[in-house]
Structures are given as C-alpha cells and as structure tokens.
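Biologist: I would like to learn how to read the features of a model one at a time. Could you give the general idea first and then the case here?

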Amino acid sequence: MHTDVVLLSILLWMVGVSGHWRPRGQHLRAYREVRLTEDTSPTERPSHKIGGMHPKGSFICPQFFPTITYRDVNEKLVALCKQLHPVFLGPAVPVGVDVQVESLDAISEVDMDFTMTLYLRHYWKDDRLSFKSNTNQSMTFDGRLVKKIWVPDMFFVHSKRSFTHDTTTDNVMLRVYPDGKVLYSLRVTVTAMCNMDLSRFPLDTQTCSLEIESYAYTDDDLLLYWKEGNKSLNTDEKISLSQFLIQEFHTTTKLAFYSSTGWYNRLYINFTLRRHIFFFLLQTYFPATLMVMLSWVSFWIDRRAVPARVPLGITTVLTMSTIITGVNASMPRVSYIKAVDVYLWISFVFVFLSVIEYAAVNYLSTLQERKERKLREKLPCTCGIAHPGMMSASYSEVDVNTTGNYGMPEENGVRRQRMLVELAMETDQVTGHVGSRAYSSVWIDTHAIDKYSRVIFPGSYILFNIIYWSIYS
C-alpha cells in the first residue's frame, strides 16, 4: 500500500512539471500550493486543496474539488485515487466471493488437468463510489468502467490457461449501490492442474480443486472469504461428464504462505469425481477375459493338431499385447502400477501359460513316442511262424503314430491309449500245452497335462477375478 502512495506522489510531481504549455511561474505556483497544503495544519490549509496525506498517515482522495486553476491536476488525481486500494493503513477490505459453475468441460488423465467455465462474483464496499439516490436503486455498468476503479486482483492458483469471454462483448458486469457496495461479476473459463492418483484406475475416485487468491494484497490488506459458506457455490444441474459421475461440490478456505511476500487468503472449490466403469468393461476387461477363455480351447484340441493349437496360442498372445498397448497409449507414463495393469498383465500371463502348456504336452508326447518305438524294435518278430521251444512275440499291427485304440471306454473325458504287446510262449509237447500264449498290456496316458489344465486354468482365473474385484471395487 505504501507503494501506491509513492506512485501518487510521483504522479503529482509529474503533473506539476509536465505542463509544458504553462509559463514557468505557474509551475512554481502549483508546487508551492501543494507544499502549502501538506505543511500547514488542517485549519490553515486553503479551501482549494488538491489532496495529500492525512495527519494519521492515511491517504485522502478528494471527493469534491472546487474550481481551481489546474483542472487537469484534479482529473488525474481523481482518476488515480479511484484506482487505489479503498483503505490505507486501516483494516483489511472484506471481499466476499460466490461462484456459479456453468460447466465442467474436460478432464484429462494424460495432462492431469480439468477445464471449468464459471461465473465469478466479488462483493465489497468502496465509499468513494457512493452516491445519492432518491429511489435507492443501483447502477449497472459494463467492463469499460472496471479499468477506472479499484477491483480485487483475483487469480487462479495452478492454472494453465484462463480467459474472460468476450462474445459478443466482454462478459463483465459492475453494479454499484448508493451506499458504496459493489458487485463485480465476470464469466471465466479456466484450465487448472489436478493431481490425480491413478493407482486404482479405472476403478478410481478423483478429487480436484480450483483455487482463488489475491495476487498482490496479503491478508492484512484484503480479507477474502466465501460470502455464504457452501451456499456460495452453485452448480448447474445439467452438468454431466462422459467418463465421470460428479459426487460432490464443496468450498473451503485456507491461508497460503509465501516466504517473500507473506500470508494470503485462498479459496478452494473442491469437487469429487467417480469414474464410470462400464466403458472400460466393454473396451478392456471383457476382451481380455474372452482372450483368456479362448486360449483354453486348445486344451480340448488333439495334441497332434499342431497347425490348430500353435496359431491359436500365438493369436491370443498378440491380441492381449494389442489391448495392453492401446490402454497405455491413452494414459500418462506414471511410475506405479494401475489396477487395469494388474488385470491385463495377469490375463496375459494366463494366455502365455496356455502356449507353454502345449509346448510341454508336445514335448512329452514326443518322448513317449520315442520310448514306444524303441520298445517295438526290441521285440522279435515271429512273422506268423511258430518255433517250438522258443518264445515268440507279435506286435499288433497298428499305426506307429497312433499306437492303436482297442475300444476302451473314456474315463473323465479322456480316452486312454494303450500299446498291446503280445508275447507267445510255446512250450514243449511233453507239457501238454500247445501254443499257449501270455498277454501283457502297457497303458500309456499321454493327455494328463491337458486333462489337469482344463480344471486348473479356469479355476485359477476365476479365483483371481474374485480377489481382484473384491479389492478394487
């Protein structure tokens, strides 16, 4: 505030010395009249005072100037006084604020900001603007008068962009009442920062704040407050967002401290947003779940159908990779894990394990076939000729790769395959047994991994979903 007094003194001096069209003597006379006004007592001062310092130190702006010689001095002083703080070296000027939120336009997780359009209204009293009125009615002005009087210097803390609407003219209104009370309203769109915690995305709830503060005046000069508490914040009932549900609007007031300038009153517009989950269920969760279920189909496909099982596994893996990439492309690069990341990556692990499962089945089946082949090579072939006194064996004539099915029933949905080894023992005629044969069957279950996978994979994924949704819902 002392700076304004110094500026006024400098302007007064400039006015006295900048009138180049006056004679030199008149410059000196103007200076003497000003000095006389400041140095003499209140009873000794001339009636044509221009203005100066009150004995107690507060600056007095001239409310009425009689006709004097230097009219341009009066005009500049009056104009300057009305642009200065209403009270100097006195109590802080109370400035009430209320807000009408018109729209909440956009909320960006990538930029971590939001855009809001609102009507910002200020209420204060300036005795210099009081006037006589028989009807006690106020006077309303547009934005042109705002530049000629003092108005609170509000700004939005942590704002990235803001502007006052100017279609079709500046959306600014000034209303002055006879007792000096002032209403100053303007329509503003502001984009402000909102620090979001995306660890539970997309099952998250975010709280953002729009902060209003005086730029120059500390709490010693300007008392900023909500005019009617929470009732000072009004919202349009038609406000809606595509991805969020607006749960609550409320106001708070705090003091902000700056080490170089001091304490300032700060007003907060707080609002809580809950994200709609249905969009992400359709676009992310359902496709990922279907890909995991599709990977289980390979457990019911014949293990020898390599052209069917391998492309199915690769397709599901690539599809899951595409889903993960698409989700992360629309998100900021945060250093922590989000809830959607947990679901997608565990789903990806299930799909990947189904591919590994078939690799294990195929490898074990190959080892089993090699053992069967070696066993066949060790058995001597009788070729249908019986050799007395010798043990003859004949291997069933079946395909080497299939090892033959002997009409055995299915057990638990899995057909058991067997290799039948027939051993013929011909004894001596003395024993009285001719052509007696002994049969030995070797059972081989090559579908054990697929059989267990049909139960373990779905059961594990269902358990994971129960735990996931119970934690994040």
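**Burial, backbone and packing**

Modeller: Start with Met-112, which is buried at a relative accessible area of 19%. Buried means under 20% relative accessible area, exposed means over 50%, and partly exposed is in between, with a 1.4 Å probe and protein chains only. This is a predicted model, in which local features need pLDDT of at least 70 and side-chain atom pairs count only at pLDDT 80 or more, while totals for chains, interfaces and linings use all residues. Residues are numbered from 1 along each chain as its sequence is written, and side-chain values use heavy atoms, with hydrogens and water left out.

Biologist: Where does Met-112 lie, and what is its phi?

Modeller: Helices (H or I, at least four residues) and strands (E, at least two) are DSSP runs numbered from the N terminus. Met-112 sits in the loop between strand E3 (93-108) and E4. Its phi is near 55°, a positive value in a residue other than glycine.

Biologist: His-158 also has a positive phi. Is His-158 buried, partly exposed or exposed?

Modeller: His-158 counts as partly exposed, because its relative accessibility is 43%. Its phi is about 65°, although the residue is not a glycine. His-158 belongs to the loop between strand E6 (154-157) and E7.

Biologist: Next, the omega angle. Which residues does the peptide bond with omega about 5° join?

Modeller: That cis bond joins Phe-201 and Pro-202. Pro-202 is in the loop between strand E9 (181-193) and strand E10 (205-214). The bond from Thr-167 to Thr-168 is cis as well, with omega near 0°. Thr-168 lies in the loop between strand E7 (159-164) and strand E8 (172-176).

Biologist: Now a charged side chain in a loop. Is Arg-128 buried or exposed?

Modeller: Arg-128 is buried, as its relative accessible area is 11%. The loop that holds Arg-128 runs between strand E4 (113-125) and strand E5 (139-141).

Biologist: Let us turn to the whole chain. How many helices and strands does the protein chain have?

Modeller: The protein chain has seven helices and 19 strands. Of its 473 residues, 39% count as buried. The chain exposes about 27800 Å², of which carbon and sulfur atoms supply 58%; areas come from the Shrake-Rupley method with a 1.4 Å probe, and for residues only the protein chains shown count as cover. Contact means heavy atoms within 4.5 Å. Among contacts between residues at least 6 apart in sequence, 72% join residues at least 24 apart.

Biologist: How should I read a nonpolar core?

Modeller: In soluble globular proteins, nonpolar side chains tend to be buried together. A nonpolar core is a set of buried Ala, Val, Leu, Ile, Met, Phe, Trp, Tyr and Cys residues joined through side-chain atoms within 4.5 Å.

Biologist: Which residues of the largest nonpolar core touch the most other members?

Modeller: Val-99, Leu-104, Phe-114 and Leu-210 do, in a core of 75 residues. Beyond four places in sequence, the contacts of Leu-210 include Phe-114, Phe-156, Leu-267 and Ile-269.

Biologist: What is the relative accessible area of Leu-267?

Modeller: It is 0%, so Leu-267 is buried. Leu-267 is in strand E14 (residues 262-275). Its contacts outside four places in sequence include Val-97, Leu-210, Leu-224 and Trp-226. The C-alpha atoms of Leu-267 and Leu-224 are separated by 7.6 Å, at 43 residues apart along the chain.

Biologist: Which strand holds Leu-233?

Modeller: Leu-233 is in strand E12 (residues 233-235) and is buried, at 10%. Among its contacts past four places in sequence are Val-99, Val-101, Phe-249 and Ile-269. Leu-233 and Val-101 are 132 residues apart in sequence, yet 7.5 Å apart C-alpha to C-alpha.

Biologist: Last, helix packing. At what angle do the axes of H6 and H7 cross?

Modeller: Axes are lines fitted to C-alpha atoms, for helices over the stretch in contact, and angles run from 0 to 180 degrees between N-to-C directions. The axes of helix H6 (residues 339-378) and helix H7 (residues 448-472) cross at roughly 175° and come within 12 Å. H6 is therefore roughly antiparallel to H7; under 35 degrees counts as roughly parallel, over 145 as roughly antiparallel, 65 to 115 as roughly perpendicular and the rest as oblique. The residues of this H6 and H7 contact divide into 17 nonpolar, five polar and two charged. Here Ala, Val, Leu, Ile, Met, Phe, Trp, Tyr, Cys and Pro count as nonpolar, Asp, Glu, Lys and Arg as charged, and the others, Gly among them, as polar.
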